[in-house]
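This report describes a single protein model for a reader who is new to structural terms. Please keep the sequence and the structure in view while reading.

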Amino acid sequence: IFLCPACQRDVDLGERGLGNLFRNLTLERIVERYRQTINISTAIMCQFCKPPQLEATKGCTECKSSFCNECFKLCHPWGTQKAQHEPTPPTLTFRPKGLMCPEHKEEVTHYCKTCQRLVCQLCRIRRAHASHKVTPVLSAYQALREKLTKSLAYILSSQDTVQLQIAELEEMVKHTEVNGSQAKEEVSQLIRGLCTVLEEKQAALLQAIQESQQERLASLHHQVQEHRAMLENSGMVGYTQEVLKETDHPCFVQAAKQLHSRIVRATDSLQSFRPAATSSFSRFQLDLSREMKLLTDLTFIKAPEAPVIDTQRTYAYDQIFLCWRLPQHSPPAWHFTVEYRKSDTKAKALKLWQRCEEVRGTSALVEYLDMDSVYVLRVKGCNKAGFGEYSEDIYLHTPPAPVLNFFLDNRWGFNRERLAISKDQRAVRSMPGLPMLFAAERLMTSCHLSIDLLIGDVAITQGRSYWACCVDPSSYLVKVGVGLESKLQEWFQVPQDVVSPRYDPDSGHDSGAEDATVDAPPPYAFLTIGMGKILLSHGSALTSRDPSGCTIPLPPRIGICLDYKRSKVTFYDAVSFRGLWECGVDCSGPVCPAFCFIGGGALQLQELVASKQERKVTIGGLSKLD
């Protein structure tokens, strides 16, 4: 185990220890140049001259010695292998020409990018580096040298910035010293104030004990005096004995009348003896467990912990409604800061964060957002200790078109016996009632189930519009979509029946294609929802043998986007904005939002965030908090 000099952490160097590391020849050369600069007047002497030694003029890395000119020639005779040695400047420390592999003692020739380590030829062909990215050391040298040169050039060109940052840091050092001393003084002053309060409380408590003690002692002393008067040789007993000797009746009555009351009191006190006061002071005990815990836990106030985003209540509609809470044991927050920015993966640079500061409460509205965009949001709390950590980022997708605000139309001829619209005209509940029960009785014969239709109180004639709704998962069958206003009026005049259950189903999405020509778009388009599922058949014939391939789970909210100009309607998962289904629809006239019910079910329109109020809304027996 080796202690890293940089981070002071233990490093396991393996069995070979320091021998498994490369020599840092670059650092050694830098140290050598520094030594030569300091000891420039100190000459290096020839290691082979006989006294007196001459000054060395050459060195040999192979021989690891320094020579004068004559000794170098003698030790490297012409025609021998030593004659091939290259002379170097004289030095006292000799190192190899190149970096050697500590394991194989071979010169390193490659660099492993995966391991970030220099390797030799033998290391390169080993299994440990078989699948790694290995490059020639020259390529690594050029790349690192280029990066290092650019970084150094940037630092050298930013000397003014460095000086400004140094000045800023020095100023912060001064402020830190002053603020630290001030914080110490404030803590000392608070502790002294706490000690003063404790001393005052101590004096008050001791005074209460002293007063109670004196009161009890006075009562007990008085009782002692009364009992001493009943002793045989006491004044009251002796006086009574003398009064009893009186024979004059009037005088006896006069004296005994007052004495008798004293004797009665003494007799009663003797017969029912009880101390006038208790000697116990248990009533004056203190329970300091809570205070001791408070003092033990006394510490500096902490900033709020990172808030937790409530993903169930947070959503994007006409605006973004962001809701959060602090962790259970988090210090309280005075206010919060909400930050958001548009997330654009194609942009080269990240957009700057926009802030909503000093938000009171645990929810906020974010306005003026771009359509069909993804926004990332985060929250942090603040109190006397400053700002806490940010919450985890949450990504919300805004609607693909302007949000259409409308209500359910209760003026058209919908069946009031089976459909109940809420007072705010934003929710509806379908109640099958007795007709459905009678139909179920004749289910195996020829019977018909009526489709109850309900539309919105607006008609779309241009542009793109988006709205969302929530369907009760326990609904039997609900259709959401759009329809041509004229066709929907005809529907109201001639209610549609569906043979149940022995009818041949169509594509699963009632698009009105049976009433249209091949080329013309259908007059209405509906997404079929039932029993917690969405029917997605993509135009194929449905069979009861394999229903899993054509259904998906019902999301919390369904989004509908109508493009009037393109005569297209698209259905979305309004939480993730994943497209569910797209089809054409006839937009030759006004188009209305429409909803159909077969059997029991419930539906609620998504409320605008701008007009949102916290309240409970009950849909089909389910309680939902908007």
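## Terms and basis

Helices (H or I, at least four residues) and strands (E, at least two) are DSSP runs, numbered from the N terminus. The model is a predicted one, in which local features need pLDDT of at least 70 and side-chain atom pairs count only at pLDDT 80 or more, while totals for chains, interfaces and linings use all residues. Residues are numbered from 1 along each chain as its sequence is written, and side-chain values use heavy atoms, with hydrogens and water left out.

## Two exposed loop residues

Gln-328 lies in the loop between strand E11 (320-325) and strand E12 (335-343). Is Gln-328 buried or exposed? With a relative accessible area of 72%, Gln-328 is exposed; the terms are set so that buried means under 20% relative accessible area, exposed over 50%, and partly exposed in between (1.4 Å probe, protein chains only). Gln-328 and Glu-305 are 23 residues apart in sequence, and their C-alpha atoms are 9.7 Å apart in space.

Ser-131 belongs to the loop between helix H3 (121-124) and strand E8 (134-136). Its relative accessible area is 71%, so Ser-131 is exposed. From C-alpha to C-alpha, Ser-131 and Thr-114 are 9.1 Å apart, with a separation of 17 residues in sequence.

## A sheet of three strands

Three strands form an open antiparallel sheet in the order E7-E6-E8. Strand E7 (117-119) and E8 are its edge strands, and each pairs on one side only. From one strand to the next, the twist averages 35 degrees; such angles are taken between axes, which are lines fitted to C-alpha atoms (for helices over the stretch in contact), and run from 0 to 180 degrees between N-to-C directions.

Two strands pair if DSSP finds at least two bridges between them. Strand E6 (residues 110-112) and E7 run antiparallel and are joined by three bridges. In this pairing, His-110 stands opposite Val-119 in E7.

## Cysteines

How many disulfides does the structure hold? The structure holds zero disulfides, a disulfide being a pair of cysteine sulfur atoms within 2.5 Å. For Cys-112, the closest cysteine sulfur is that of Cys-115, at 3.7 Å, which is too far for a bond. Cys-112 is buried because its relative accessibility is 0%. Cys-323 is also buried, with a relative accessible area of 3%.

## A sheet of six strands

Six strands form an open sheet with antiparallel pairing, in the order E21-E31-E23-E25-E26-E27. Strand E21 (452-455) and strand E27 (551-553) stand at the edges with a single partner strand each, so one side of each has no neighbour in the sheet. Neighbouring strands of this sheet are turned by 25 degrees against each other on average, direction ignored.

E21 pairs with strand E31 (residues 591-598) over four bridges in the antiparallel sense. Leu-454 stands opposite Phe-595 in E31.

## A covered strand

In a regular strand the side chains alternate between the two faces of the sheet. Strand E32 (residues 601-605) is mostly covered, as five of its five residues are buried. Gly-601, Leu-603 and Leu-605 are buried on one side, and Ala-602 and Gln-604 are buried on the other.

Strand E19 (residues 427-430) pairs with E32 over four bridges in the antiparallel sense, and Gln-604 is the bridge partner of Ala-427. Strand E22 (residues 464-471) and E32 also run antiparallel, joined by three bridges. Here Val-471 stands opposite Leu-603.

## Backbone features

Most residues other than glycine have a negative phi, and most peptide bonds are trans. A cis peptide bond joins Pro-51 and Pro-52, with omega about 0 degrees. Pro-52 is in the loop between helix H1 (25-38) and strand E3 (58-60).

Lys-64 has a positive phi, near 55 degrees, and is a residue other than glycine. Lys-64 is found in the loop between E3 and strand E4 (65-67) and is exposed, with a relative accessible area of 58%. Glu-358, which is not a glycine, has a positive phi of about 55 degrees. Glu-358 is placed in strand E13 (residues 354-359) and is exposed at a relative accessible area of 52%.
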